[in-house]
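Hi,

Here is the model I promised to send over.

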Amino acid sequence: MDAVVSQSPSESQNSQRNRSPKRNSQNYGATSTRSTDVPGTSTAENSSERRRRRNHPPTPDGGGGGREDEEGLKYGAQHVIKLFTPVSLCMLVVVATINTVRFYSTKDVYLLYTPFHEKSPDPGTKFWNALANSLILMSVIVVMTIFLIFLYKKRFYKVIHGWLILSSFMLLYIFSYLYLEELLRAYNIPMDYPTSILIMWNFGVAGMIAIHWKGPLRLQQAYLIFVAALMALVFIKYLPEWTTWAVLAVISIWDLVAVLSPKGPLRILVETAQERNEQIFPALIYSSAVLYTYMGVNLETQERSGSVGSNALPDNDQSGTASTSDGTGAEAEGTPLVNYNSQRHGISNIFILTFCFCFVFVFLLFKYFVIFVLFYLILFSTAAGFTQEWQSAPSDRITRRQIEVQANDANNPSQYRTVTTDNVPDPAFQPSEEERGIKLGLGDFIFYSVLVGKASSYGDWNTTIACFLAILIGLCLTLLLLAVCRKALPALPISITFGLIFCFATNAVIKPFTEELSSRQIFI
Amino acid sequence: MTVAEFFGCTFLVFGPVLSMFILTLANDPIRIIIFIAAAFFWLLSLLVSSLIWFLLSPLFDALIVGVVVSVICQEAARYLVFELLRRTETGLLEFTDNNSIIQNKHILAYVSGLGFGTSSGIFILTNVLADMVGPATYGLNIDESQIFPKNNFFLISSALTLAIVLLNTFWNIILFDGCKHSNYKKIVYVIFTHFFVSLISLLNQQGYHVITLTAVYLSTIVTGTITYKTVGGSLQNFTKFITCK
Amino acid sequence: MVGILHLSVIFLIQGLLPGINSERLGEQMYSSIAGTTCFRRLNATHQTGCSSKEGGSVGVLYFIENQQDFGFLLDSPTSPPYAPVIPPELFTRENLLKLKSAAKNISVVVLINKIDKLTNFTHQLQCPNQYSGLNGTQGTCDVSRPETVWNPQGTGLMHEDFPFPIHYIADPLEIEKIRKCFKKFNDFEYENHPWRSLCSIEVQSFMSAAGNSEICNRRSNFINNLSPVRYCDPLEGKNIYATLFPRPQTVERVETTEKLILVTCRLDSTSMFDETGLGAKDSLVSYITLLNVAHMLAKVLPKNNGINKNVMFVVFNGESYDYIGSQRFVYEMQKHNFPYVHTRTNPLSFENIDFMIDLGVLDDFDNLDVYTLTDVPQIQEFLAKLKSIGKQFGLTVNGKKTVNLPPTSAQSFLREQESFPVGILSSKPSNAFYHSIYDDAVNLMNFTYANKSLDFTSLMSNDLALSYFNETDVQMKIRNVATVLAITLYETLTLKPFKGDEFVNPILIDEVLYCFLESQNCPLLKSTLRSSKGVVLPPIPPPRYVSVANGLREATIWTYRIMGLLVSQKMKDIEKDNCTVPPLNWYSGYSGDGECRLTTQNMTHARSPAFDIEDYDWKSGRYSTWTESTWQQISARIFLRPSKTQEVTTLTIGIVVLILSFALIFLIRNGSDVLFNEELSRTENTVSEVAC
């Protein structure tokens with residue numbers, strides 16, 4: 001599934017967009033040109049021409065052709081790195097935790113979804129247990145996906161959002177609290193309750209705001225990475241040994257089916273989203289560009305954002321001169337209302353205000369209490385603590401895993417978004433402004449990290465690094481395919497297959513060899 | 001606690017790599033991707049060679065065979081990277097703004113060589129480094145004559161690994177150049193020095209660390225000089241550089 | 001499918017080729033040391049025992065051969081912290097307290113097994129359980145008055161809190177290993193220690209509890225987190241009891257006028273180190289005596305024809321820690337909750353107890369005393385009988401009325417009711433290894449297993465017994481005491497003189513001693529199983545430390561089974577399949593053929609009431625409050641600790657190389673035009689001017 005790359009919009013989308021005068025200049029040429037271009041033609045001259053072109057408004061027609069496509073590739077490399085960094089960071093968090101906090105690598109309790117606990121010493125039985133577990137887990141995921149698609153098709157946005165908010169709320173509070181607790185325990189650091197509640201409250205509120213509403217890009221990215229890492233840790237902790245591997249394999253196969261088959265649920269989801277010209281649940285997608293959704297309009301913010309938005313309105317010239325070399329252009333995109341990333345604004349006033357507001361709130365003990373009670377109610381009203389979260393999580397996961405390569409905005413790649421609220425047709429759901437850049441679902445983050453984390457739990461660094469390299473190369477290949485195919489692609493299969501092969505091969509074959517070499521000080 | 005030893009050795013091996021990465025690679029995405037790809041190719045060659053060793057080792061102590069095979073595999077992988085880069089050269093241009101990477105072929109060679117070297121350094125040394133973090137140092141079961149300061153296992157391992165990392169970078173540049181201009185002398189030189197360095201490190205088991213270190217660093221200096229010539233340097237330039245003119 | 005396929009292929013490869021297991025470098029750097037360590041226990045006010053630092057304590061090995069060697073550690077350690085390796089004769093209170101006061105130079109203490117020069121080794125207090133006996137009474141055990149103490153050689157080290165772990169190494173091979181390492185790396189040129197790599201030991205035994213039981217109990221029970229963690233657990237186990245005759249089964253629980261004689265002893269022993277300490281002399285002797293008394297009575301009195309009294313044998317658990325078992329027993333009796341409802345018998349209270357005989361230590365088998373607090377007619381009568389019967393078996397028994405009572409379970413009863421009719425059968429304490437690792441078979445009059453392979457479930461005449469054992473063997477000594485006690489009880493019950501000529505079987509004593517001192521894989525324990533065919537039990541003695549509540553301890557289970565076999569009546573004509581519902585139980589028996597027996601034994605909790613009473617006042621001292629800290633792992637390993645010189649050299653080289661390489665690469669990058677003769681256009685990102 002996972003990774004859907006949302007391809008460049010279809011004709012209908014283009015026409016739809018043409019309604020807005022700002023947008024009709026945008027060009028959704030997708031990515032690769034390799035197949036079409038004769039390599040010899042791309043010369044230095046060509047590229048300089050391209051550079052020049054960037055400073056001028058492009059022609060409005062969508063037929064900019066191969067040259068604009070080439071530009072997509074150019075930024076493609078940047079975006080690949082921009083994906084590598086967070087994927088690596090996420091893995092780093094997981095690996096570091098696995099190696100320092102014993103809690104996450106010890107097996108004691110398991111999820112309800114994995115009824116077979118692999119207690120038998122016989123590998124055959126273990127294998128069937130693992131397979132059965134992973135199939136159960138997968139069928140839960142399938143059912144949840146279909147349910148979600150149903151909701152989406154029927155436009156039950158409120159339900160979906162409630163769901164997403166609830167699950168990210170749980171992730172941010174329960175799992176983070178668990179993490180904090182285990183971290184403190186691992187280092188034997190005493191901490192009093194007021195302090196930890198203060199930390200949790202602020203952390204959670206800031207996270208909810210950053211993920212679901214608005215916040216600095218870096219903050220949002222950091223939260224998404226952290227949430228993915230937490231989820232991966234939970235998987236590693238609560239899945240039986242062999243089941244983890246089986247789940248990885250089964251999920252990547254499901255990914256393949258869900259994205260590529262004509263009736264695959266994720267394909268349907270992506271296509272529907274494109275038809276409606278909407279973003280796919282932003283809370284669940286890591287984008288190399290900015291992503292904000294506009295959720296629950298309230299008067300004050302609307303007012304404020306309106307004004308700030310107009311302040312932030314830049315002219316084309318200014319944006320045109322922005323440097324394109326290190327991708328600031330891409331970061332600056334996609335803010336529906338306010339441009340938080342422009343140097344002038346830094347963190348927006350609203351954000352500061354909200355943040356302070358939360359801070360003050362923390363000191364009202366009453367609120368503490370309410371939150372606390374709520375937290376426990378949710379936790380204990382369900383059978384196994386995690387159940388509720390887990391029911392929603394798998395489906396979230398599915399929706400999270402999306403890669404979207406958006407068409408390169410041939411127009412003006414570094415253009416600041418200046419859309420105002422007038423342009424919002426649906427108050428509950430900001431229609432997507434296409435971002436250039438590649439989007440990777442959080443689910444991919446999670447499963448990549450599960451693989452690497454699991455590999456590192458065996459205590460051999462070579463295996464960990466081999467897995468890491470294999471996954472990155474797999475990701476590279478997927479992105480390359482993406483450029484060739486120009487359609488949504490699953491991000492898991494190639495990477496996970498590579499990762500699994502290298503994990504086991506390294507553990508079985510390379511490890512003894514390198515250990516032999518290093519203990520005898522032989523260098524090859 | 002020998003966290004000190006850990007950091008010492010890590011800086012020693014990966015300090016130069018880190019500085020090269022940050023100062024020459026980090027700004028250009030395409031270079032990072034090539035770097036990672038080269039590292040992956042090195043890993044592939046390691047996989048193949050260790051697979052052969054793995055299959056042979058139940059039969060006899062196949063470590064020497066493993067070393068020989070792995071040198072061959074590495075050189076093959078190096079050539080593979082060269083071919084790959086040569087064929088995609090034109091395509092690469094589309095991925096980058098930075099023309100220099102195409103115009104100066106040595107940059108590609110250098111970047112992939114560094115990937116090769118880093119990968120080999122990591123796979124040889126990371127587990128050793130991880131073992132250093134504990135409270136112990138090497139030497140519980142060895143002769144008294146081998147104990148620091150007479151011999152320091154970690155420091156020697158790290159120094160040799162550093163040489164290997166640098167050598168890999170140099171070899172890559174030389175080999176790419178040799179392949180491009182069909183200069184067989186260079187190709188033979190690379191393969192020969194690689195064999196020489198790997199095989200001479202077999203002496204480490206017998207405790208001839210001084211010989212190994214001297215030989216390996218001599219080869220590094222010689223290879224480095226040849227590389228310098230290959231990329232267009234000369235004594236003249238060097239003097240000019242030293243005197244800041 | 002591809003994923004699954006390659007998964008299965010990999011698994012196959014891994015399964016088929018167990019492969020080449022080369023040793024990782026890290027494993028060559030360490031060598032693990034088998035042993036056990038002292039751990040932390042807590043009571044209401046203090047913590048005792050020891051704990052390592054979190055992540056392990058590391059010290060340089062230093063063998064101490066004589067008293068003078070401490071000087072180096074205490075006055076002029078050259079490369080602290082050190083780990084002194086101490087033979088047991090130097091493991092004295094003075095030395096340990098000296099080390100404790102120099103704790104910044106001492107990180108680990110290693111105790112090695114070396115019995116040759118040892119005269120005494122007991123780390124219990126001189127007055128065991130001083131504050132949970134008769135309190136406030138003048139004349140009880142008092143350290144300042146040596147004539148009143150019960151463990152005169154006790155050092156009390158078990159009740160000290162040490163800032164370093166104390167690791168005990170019993171295996172001579174392991175001791176040799178660390179000695180070799182010490183000789184090779186450390187034992188020369190001590191003044192050069194700071195500049196050399198030294199052989200060191202790391203002990204990991206970090207204890208998670210701290211402070212006292214109250215704090216730790218509060219932390220453990222605080223429902224605050226998603227993954228609750230216990231920091232300490234109360235010491236607890238099970239008391240085992242059995243009655244001579246089955247008690248009437250009733251549905252309604254009413255108090256009765258039933259009269260019982262209690263015969264009690266304790267089950268547990270303890271020592272300073274985890275999973276060690278056999279407690280041969282300090283508790284096993286009285287335990288075996290009780291079993292044999294019960295067995296003989298069950299043999300000679302199969303039915304209670306015309307006897308209006310019953311005998312209850314109780315084995316208390318956790319008595320080493322402020323009488324946990326007996327406190328709980330008394331507590332439940334007072335609450336009319338003994339025996340438990342599920343036994344369908346009437347509850348018992350103090351009024352039902354005719355009198356109680358408590359077995360203390362029997363260090364001197366020939367000279368016994370019966371201690372009483374007050375004059376109780378029943379006890380006097382019993383004592384008189386005991387004296388006269390004892391004479392026939394060469395025992396001298398004296399009555400002693402005193403407030404300085406031996407530290408036994410009886411104190412829990414007397415504490416609640418001073419007039420409680422109890423006599424403590426005990427001898428003068430002379431055990432120099434009380435509650436220690438050396439209270440073993442050797443300490444118990446050099447016990448050697450006779451292994452006669454005879455039926456131990458029958459009684460044996462005097463002549464026959466003497467043909468197997470000498471009069472001076474420990475088996476015969478215990479037989480005498482048990483026989484005297486059994487006959488006295490017989491006469492007390494039946495009010496008739498004992499006429500039989502078969503007494504307690506020394507073979508049975510031999511067997512029990514073997515099971516509890518040498519190996520659980522013994523005929524007696526096998527015969528208590530339902531089916532003994534092909535069963536191989538662990539060849540180690542069952543640990544008898546009370547421990548905490550995680551399943552039943554071996555010693556408890558075996559006591560329960562032994563009581564079932566020995567204190568019960570054989571039921572003829574009942575098949576194995578019909579013999580499943582208690583009180584009917586099937587035992588394989590000595591022959592292994594199996595027999596159905598009507599049993600009376602049962603268990604009760606031995607957990608201090610302090611942990612079950614709401615809002616218990618921890619400081620009140622009313623009940624035992626001992627808890628044991630939890631820990632992650634206990635391990636020890638030796639390795640070479642690098643010298644500071646080595647560390648600093650390595651780090652310096654690393655940092656210099658790092659800085660140099662950054663500088664060099666920066667220069668080369670910026671000067672690449674000149675250096676490489678490049679005339680190429682520069683990228684926007686790199687600086688094109690020549691540096692310098």
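Predicted model: local features only at pLDDT ≥ 70, side-chain atom pairs only at ≥ 80, totals over all residues.

The largest nonpolar core has 240 residues, and Ala228(A), Leu451(A) and Leu469(A) touch the most other members. By nonpolar core I mean a set of buried Ala, Val, Leu, Ile, Met, Phe, Trp, Tyr and Cys residues joined through C-beta atoms within 7 Å; buried is 20 or more other C-beta atoms within 10 Å of a residue's own, with C-beta atoms placed from the backbone. Helix 2 (residues 29-56) of chain B gives this core its largest share, 18 residues. Leaving out residues up to four places away in sequence, Leu469(A) touches Ile36(B), Ala39(B), Phe40(B) and Leu43(B) (contact: C-beta atoms within 7 Å, placed from the backbone).

Another core, of 115 residues, lies apart from it, with Leu291(C) and Ala441(C) among its members.

Residues are numbered from 1 along each chain as its sequence is written, while chains are lettered from A and ligands numbered from 1 in the order in which they are written.

On to chain C: buried residues make up 50% of its 692 residues, and its C-alpha trace spans about 120 × 70 × 55 Å along the principal axes. Of the chain C contacts between residues at least 6 apart in sequence, 78% join residues at least 24 apart.

Cheers

Notes: Buried ≥ 20, exposed ≤ 12 C-beta atoms within 10 Å, placed from the backbone. Contact = placed C-beta atoms within 7 Å. Helix = DSSP H or I, 4+ residues; strand = E, 2+ residues; numbered from the N terminus.
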